[in-house]
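Dear colleague,

Please find the structure below.

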Protein chains: 2
Amino acid sequence: MTRGFLQELVNILFGYISKTSQRSTKVLDFHHPHQLKEGLEGFSLDLSDQPETLEQILVDCRDTLKYGVSTGHPRFFNQLSSGLDVIGVAGEWLTSTANTNMFTYEVSPVFILMEEVLLRKMQSIVGWSDEEGDGLFCPGGTISNLYSILVARYHFYPEVKTKGMGALPRLALFTSEHSHYSVKKSAAVLGLGSENVVVVKCDERGKMIPGELEISIITAQKKGLVPFYVNATAGTTVYGAFDPLCAIADICDKHTLWMHVDAAWGGGLMMSDRHRMKLGGIERAWSVTWNPHKMMGVPLQCSAILVRKRGLLQKCNELGAEYLFQRDKHYEVSYDTGDKSIQCGRHVDVFKFWLMWKAKVNKCLENAEYLYDQLQRRADFQLVFGHKVAPRIKGRMMEKGSVLIGYQPLGTRVNFFRCVFSNPATQQEDIDFLLDEISCLGHDL
Amino acid sequence: MTRGFLQELVNILFGYISKTSQRSTKVLDFHHPHQLKEGLEGFSLDLSDQPETLEQILVDCRDTLKYGVSTGHPRFFNQLSSGLDVIGVAGEWLTSTANTNMFTYEVSPVFILMEEVLLRKMQSIVGWSDEEGDGLFCPGGTISNLYSILVARYHFYPEVKTKGMGALPRLALFTSEHSHYSVKKSAAVLGLGSENVVVVKCDERGKMIPGELEISIITAQKKGLVPFYVNATAGTTVYGAFDPLCAIADICDKHTLWMHVDAAWGGGLMMSDRHRMKLGGIERAWSVTWNPHKMMGVPLQCSAILVRKRGLLQKCNELGAEYLFQRDKHYEVSYDTGDKSIQCGRHVDVFKFWLMWKAKVNKCLENAEYLYDQLQRRADFQLVFGHKVAPRIKGRMMEKGSVLIGYQPLGTRVNFFRCVFSNPATQQEDIDFLLDEISCLGHDL
């Protein structure tokens, strides 16, 4: 039964994979929530008390894919993560079959060592020395950024772990107005307070202005706050801008502040000899977020937090639970890395990335270069509308299922479309199609 | 190429699945970290600059499984999560092929609705009314517990989100000495401080003593702390004990404290008419952690945080990023649930669970009953050793690869083996084998 059932499922997945790359198929077959909830053509989300047959389970699987979104479709521009990499998918299938957990070497010997190998590789690409560098794969870039703040706070105020924020002065964090919202979210979660995140002005291209950072630091100090952390962004969410890392590092040095670089999106460019200059100065950061599930096309999720000072993650987070992290094991327990984490159980996110690297380290590099070139070529591509136009075009787009792209307002600009080039399946004709489609769907608005 | 390569991979996975259930195979083929790092029989973890052929990639996949741990083997007793459920595995394979993200209805229409369906089901099993109940699937039980504290703090002190802990009094949390370390870890992360977690005494069976809880609350108040949160455990990590929920709920009511129930391990018993009395009073909790990846055998990870008061998760965590959570979309945006989360990108953990429920709701129930009966029958099964004996037996066990079980000290007891019954593949003969093996491997110690 096992093999026959799984083979049937695999055949369905093969059909999906081959279809998702065809431009003639829809990106999505949109239905409103109430329509899907009512049940479409026999596809019911409800859980009954009667078990279903395996045949019906396979029908459910087919329907689940049918009413989902083809994130690997060449005309899916909606998110920073997209595409459907076959080696990556193979990696995830194996990972879920192995069904183990990253807490200890004991239950994940191979994956724990692969994590070490890949983190070291990433640290050396960032430019840290062999004596420096530590890290973890995390459930998403926001959690990676949260780690950076957590570790920075512990570095300056180790007593926070036991005594809490009550024992500390009022701390201030700095990040640009174009940076990701995860800095504010993490400040709220960690008990620092979102108001204590100071938002620094950007230039017209979305890069943090170093002079404004320095002014913000001094102003905060005058108000009685204690600055401790600066987040610089390498590849902002909307403009794809790179903050000037060297100038920011100088300011951090001068004021003894923790410098974090959120390279969740732009990190992939470090793989390219031609483009890594965009991230010049990143080696001066004290921590770095880098999401291979974005520019490098690794399936979701794969996000690293890299910390320069070795041992800090462990000290910050360890509690030494005696049912997991016994010190008297018969092997070298420094490989029981789970206590570095704020999680206990941790999903294996590394294997798909390791496998993709093995298969095509050079291809990743080419992809990154290609994507960045696309980005540059299209830097002037911007469609700004009255505030109601973009949502209406997007609505029509979703109903039609022809293409998927995000929109948003920013600063003084009302709604505009944000075109993400990260999908390896996308070609020139898809960009042309997108422009035509927006013009066609919006002609009467 | 795609289909041929993936089919080869699938054949390897079929071989693994069929082998993992055979008692004649090893639970693990143990090697020390330095041995695996040096490379075994051509299996190299290192990343070279040359891409590998697809044939070599398949060899790597085979080796990865070979040197890993068979968590689905009938003699794997090491962790609370184990087993290899075929429907669950199918669910994960589909999830990774769909490769999408839980932030919005827009990119995950089906999975977002499935999450709602399952969370509602779980809330109704907990015993909350139709007007109550909210929740999320989280990356592991520790993060679920972290959410409970985060939301409790926000409930009593909403200003913490913007102003941080500096604006609050010194808060105290309460949990039993047998509870999971995640309460302390979360207190450290959230800026509450691990010292402000008051550890409450248990009786000899590992259950929190309600009288001790009340004394602890009053003592903390006298010291100037402000109690706000009590964690009760339904199924402790080591003894599998159930705290007396009704008595704890009475105390929480009296002192207006947030009552959380960590049912990560024991939650599955609520599915059983015969055993759910163990969790009597859970319906009075303000939040509940329940990990279907433990007693219910769902593949890793699948952990829910359930919150009784609807809307609180959203208010506590929302930041309304305009590139994701636009309010002017053409569909009902209350289904864009991503802003409830402390993550931004979130892995799809619900589909495998939904599929397993569809396939065998009754079977899950039988499993839970069977497992609990096993647990009861073996309640007196305890092997306590001098502090060096268990680690040495375990070392021999790992080298031999015959069986895998955890050990630890607790309180006045030195190292003892912790036998977890959660693997559906385990039968009576495997328990007998375990006892014989421990006796045999330890005969000369």
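The count between chain B and chain A is ten salt bridges, a salt bridge being a side-chain nitrogen of Lys or Arg within 4 Å of a carboxyl oxygen of Asp or Glu. One salt bridge joins the side chains of A:Glu106 and B:Lys394 (2.2 Å, N to O). On the side of chain B that touches chain A, helix H1 (residues 2–20) of chain B supplies the largest share, twelve residues; helices are DSSP runs of H or I with at least four residues, numbered from the N terminus.

This is a predicted model, in which local features need pLDDT of at least 70 and side-chain atom pairs count only at pLDDT 80 or more, while totals for chains, interfaces and linings use all residues. Residues are numbered from 1 along each chain as its sequence is written, chains are lettered from A in the order in which they are written, and side-chain values use heavy atoms, without hydrogens and water.

In chain B, 143 residues are in contact (heavy atoms within 4.5 Å) with 143 residues of chain A. Of the interface residues of chain B, 100% are also interface residues in chain A, so the copies meet through the same surface.

A rotation of 180° with 0.0 Å of shift along its axis superposes chain B on chain A (RMSD 0.0 Å), by least squares on the C-alpha atoms of residues with pLDDT of at least 70 in both. The two copies are thus related as by a two-fold rotation axis. Among the residues of chain B, B:Leu190 comes closest to that axis, at 2.1 Å (C-alpha).

Note on methods
Helix = DSSP H or I, 4+ residues; strand = E, 2+ residues; numbered from the N terminus.
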